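Colleague: I have not looked at this model before. Could we go through it in questions and answers?

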Amino acid sequence: MGSEHTVKSFDEELRRLDNMLAEMGGLAEVQLQSALEALIRRDTEKAAEIVANDRRLDHLEAEVDQHTIAMLARRQPMAKDLREIVGALKVASMIERIGDYAKNVAKRTAAIAEMPPVPSAQTVVRLGGLAQQMVKDVLDAYLSRDLDQAKSVRARDRELDALYTSIFRELLTYMMEDPRNISACTHLLFVAKHIERIGDHATNIAEIVHFLVTGEMPADERPRQDESEMTIVTAHTTGGEN
Amino acid sequence: MIAMQATTGRATDAAASPVPAFMTRDVCVFYGQKQALTNVSLDIHRNQVTSLIGPSGCGKSTYLRCLNRMNDIIDGCRVTGSILLDGQDIYAGSMDVVHLRARVGMVFQKPNPFPKSIFENVAYGPRIHGIAKDKTELEAIVHNSLEKAGLLAEVKDRMDQPGTGLSGGQQQRLCIARAIAVQPEVILMDEPCSALDPIATARIEELIDELREHFAIVIVTHSMQQAARVSQRTGFFHLGILVETGDTEQIFTNPRDKRTQDYITGRFG
Ligand SMILES: Nc1ncnc2c1ncn2[C@@H]1O[C@H](COP(=O)(O)OP(=O)(O)OP(=O)(O)O)[C@@H](O)[C@H]1O
Ligand SMILES: [Mg+2]
């Protein structure tokens with residue numbers, strides 16, 4: 001990060017902050033990866049593990065909070081340093097949220113495993129893969145302060161939203177075709193929604209990277225649209241009759 | 001606006017005026033052969049606090065002293081470029097320097113009250129500049145200035161006691177009262193809080209914010225936090241050059257120049 005501070009211990013504190021964020025990011029990635037694997041394999045044991053592991057992320061976030069608040073008080077940082085520290089504070093909370101959503105996916109997995117498989121599960125797994133790549137890339141972008149990589153993550157959120165919207169339609173259609181699908185489909189829909197939210201947080205982190213590097217938030221309106229909010233699937237389009 | 005009002009009431013209608021109080025262009029200052037400032041161009045706006053920051057020896061005080069021709073009294077000091085106060089060249093032969101220093105008041109690092117009573121410290125300026133037409137008016141001005149400087153309540157029962165008997169923070173507010181008693185347009189402050197404790201500093205900062213309503217204020221400070229707290233505009237000097245000026249918020253969150261960044265984040269070796 002450029003030249004060193006006159007006060008060396010300040011640099012050490014900033015490095016420590018970076019390490020904490022790297023650890024959080026790594027953990028969140030593993031949690032998400034495991035959650036998706038557990039979903040595919042209908043592995044309830046693994047899902048329970050993921051739920052238990054989430055505490056570690058909560059602890060780390062609390063540590064980051066403490067460390068940043070102490071730094072703000074001690075150093076009264078300015079300019080780039082101020083952005084670094086406030087940025088870390090925000091990114092930590094976003095990583096923690098990503099962890100929460102991974103945990104929520106794992107919780108749903110326990111229920112889904114009890115029910116007959118739904119064909120859409122494969123598309124949801126694909127959605128998960130996209131989100132996972134976004135999270136991985138945005139954490140890399142954050143740790144290396146790579147603006148281009150952050151921009152590419154931000155651009156990919158649209159793709160994720162589009163896939164989510166199509167899953168939403170698909171699941172709604174199954175539910176109308178056969179009410180016995182409703183339970184499994186609802187759980188799967190929640191999983192998809194959690195994954196879509198993970199993508200939003202990855203995008204938020206990308207915006208923080210932009211802020212860290214340039215000093216400004218991205219100027220253009222965020223390219224995000226979850227069309228499921230406006231999606232209606234009527235009974236007769238699916239051929240259902242009552 | 002008629003001329004007489006213009007000298008005494010200028011500050012009040014200033015907010016509407018887009019013309020800066022000071023317009024300085026290509027200001028260079030030499031101490032003998034040594035050049036201390038190079039081509040400094042900066043506007044000082046009314047109803048704003050402009051803070052000047054930069055490492056020791058970069059020329060902040062030198063620049064400040066140009067604005068009320070305090071450099072005139074330094075042997076071998078030469079100033080070039082243009083410095084306009086309300087469009088008037090303050091280095092023009094026709095400029096009355098004594099009057100200029102009333103229009104552009106100064107507050108120094110170390111409070112320097114005269115060894116006289118509190119009342120006399122404030123009354124001195126209005127008296128020599130013939131601002132008050134009688135004793136009642138003079139008393140009103142002293143009263144008013146002490147009030148504006150936030151000192152009145154603390155000294156109103158001891159106006160005849162020596163100003164030097166006040167605490168450091170009170171002395172500095174007395175000096176501010178003395179500066180505003182002559183109804184200046186601009187107040188220059190060179191590290192006005194560096195000899196004060198945090199509470200006295202906070203009171204001066206609060207005062208600066210209030211005074212902004214009536215005056216243009218320029219403050220030199222070594223405290224980034226202070227500059228960030230009290231000013232709306234900030235200029236960063238380095239090696240006699242004005243490296244960057246901008247809105248204070250921008251300078252302290254997102255400076256454009258690497259030298260500014262390095263200085264305010266404590267990266268200068
Ligand atoms: N009276 C003088 N005679 C000769 N050189 C001077 C004089 N006053 C200042 N200088 C030189 O001019 C340069 C700028 O000095 P100035 O006092 O303006 O710096 P400054 O930014 O106010 O520093 P500080 O933060 O230490 O008060 C310095 O190199 C200083 O040595
Ligand atoms: Mg100085």
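Colleague: Which residue stands opposite Met23(B) in β2(B)?

Modeller: The model is predicted, so what follows describes a prediction. Strand β1 (residues 22–31) of chain B and strand β2 (residues 34–44) of chain B are paired in the antiparallel sense, over 7 bridges. In β2(B), the residue opposite Met23(B) is Asp43(B).

Colleague: Which residue of the hairpin of β1(B) and β2(B) takes a positive phi?

Modeller: The hairpin has 2 residues between its strands. A positive phi near 65° is taken there by Gly32(B).

Colleague: Which residue of β4(B) does Thr24(B) face?

Modeller: β1(B) also pairs with strand β4 (residues 77–85) of chain B, in the antiparallel sense and over 8 bridges. In that pairing, Thr24(B) stands opposite Ile83(B).

Colleague: Which strands stand at the edges of the open sheet of 4 strands?

Modeller: The order in this sheet is β2-β1-β4-β5 (chain B), and the pairing is antiparallel. β4(B) and β5(B) are joined by 2 bridges, with Leu85(B) opposite Gln88(B). A strand with a single partner has one side left without a neighbour in the sheet, so the edge strands are β2 and β5 (88–89) of chain B.

Colleague: What is the order of the strands in the sheet of 6 strands, and which of them stand at the edges?

Modeller: This open sheet has mixed pairing and the order β6-β7-β8-β3-β9-β10 (chain B). Two of its strands have a single partner strand each, so one side of each is left without a neighbour in the sheet. Those edge strands are β6 and β10 (241–247) of chain B.

Colleague: Do strand β3 and strand β8 of chain B run parallel or antiparallel?

Modeller: Strand β3 (residues 49–53) and strand β8 (residues 216–220) of chain B are joined by 4 bridges. Leu52(B) stands opposite Val220(B) in β8(B). The two strands run parallel.

Colleague: Which element gives the largest share of the lining of the largest pocket?

Modeller: The largest pocket has a volume of about 490 Å³. Two or more residues of its lining come from each of α3 (97–103), β6 (104–107), α4 (118–128) and α7 (168–180) of chain B. The largest share, 4 residues, comes from α3(B).

Colleague: Which residues lie nearest the centre of the largest pocket?

Modeller: The lining of this pocket is made of 20 residues. By class, it has 13 nonpolar, 5 polar and 2 charged residues. Nearest the centre lie Arg101(B), Gly105(B), Met106(B), Phe114(B) and Arg178(B).

Colleague: Turning to chain A, how many helices and strands are there?

Modeller: Along the sequence, chain A follows the pattern α-α-α-α-α-α. Its C-alpha atoms fill a box of roughly 75 × 40 × 25 Å along the principal axes. The count for chain A is 6 helices and 0 strands.

Colleague: Are α1(A) and α3(A) roughly parallel or antiparallel to each other?

Modeller: The axes of helix α1 (residues 8–41) and helix α3 (residues 79–112) of chain A come within 9 Å and cross at roughly 15°. Their crossing is left-handed, and their contact has 19 nonpolar, 3 polar and 3 charged residues. Angles under 35 degrees count as roughly parallel. α1(A) and α3(A) are therefore roughly parallel.

Colleague: How are α2(A) and α3(A) set to each other, roughly parallel or roughly antiparallel?

Modeller: The axes of helix α2 (residues 44–75) of chain A and α3(A) come within 9 Å and cross at roughly 165°. The contact has 16 nonpolar, 5 polar and 8 charged residues. Angles over 145 degrees count as roughly antiparallel. The relation of α2(A) to α3(A) is therefore roughly antiparallel.

Colleague: Is the crossing of α5(A) and α6(A) left-handed or right-handed?

Modeller: Helix α5 (residues 147–177) and helix α6 (residues 182–214) of chain A pack at about 165°, with their axes 9 Å apart. They are therefore roughly antiparallel to each other. Their contact has 20 nonpolar, 5 polar and 8 charged residues. The crossing of α5(A) and α6(A) is left-handed.

Definitions and conventions
Residues are numbered from 1 along each chain as its sequence is written. Chains are lettered from A and ligands numbered from 1 in the order in which they are written. This is a predicted model: local features need pLDDT of at least 70, side-chain atom pairs count only at pLDDT 80 or more; totals for chains, interfaces and linings use all residues. Side-chain values use heavy atoms; hydrogens and water are left out. On a 1 Å grid over the protein atoms alone, a cavity is a set of points where a 1.4 Å probe fits but cannot get out, and a pocket is an open set with protein on both sides within 12 Å along at least five of seven lines; lining residues have an atom within 4 Å of a point. Grid points are joined across faces, edges and corners, and a volume is the space filled by probe spheres set on the points. Ala, Val, Leu, Ile, Met, Phe, Trp, Tyr, Cys and Pro count as nonpolar, Asp, Glu, Lys and Arg as charged, and the others, Gly among them, as polar. Axes are lines fitted to C-alpha atoms, for helices over the stretch in contact, and angles run from 0 to 180 degrees between N-to-C directions. Angles under 35 degrees count as roughly parallel, over 145 as roughly antiparallel, 65 to 115 as roughly perpendicular and the rest as oblique. A crossing is left-handed if the near helix is turned anticlockwise from the far one by less than a right angle, and right-handed if clockwise. Two strands pair if DSSP finds at least two bridges between them.
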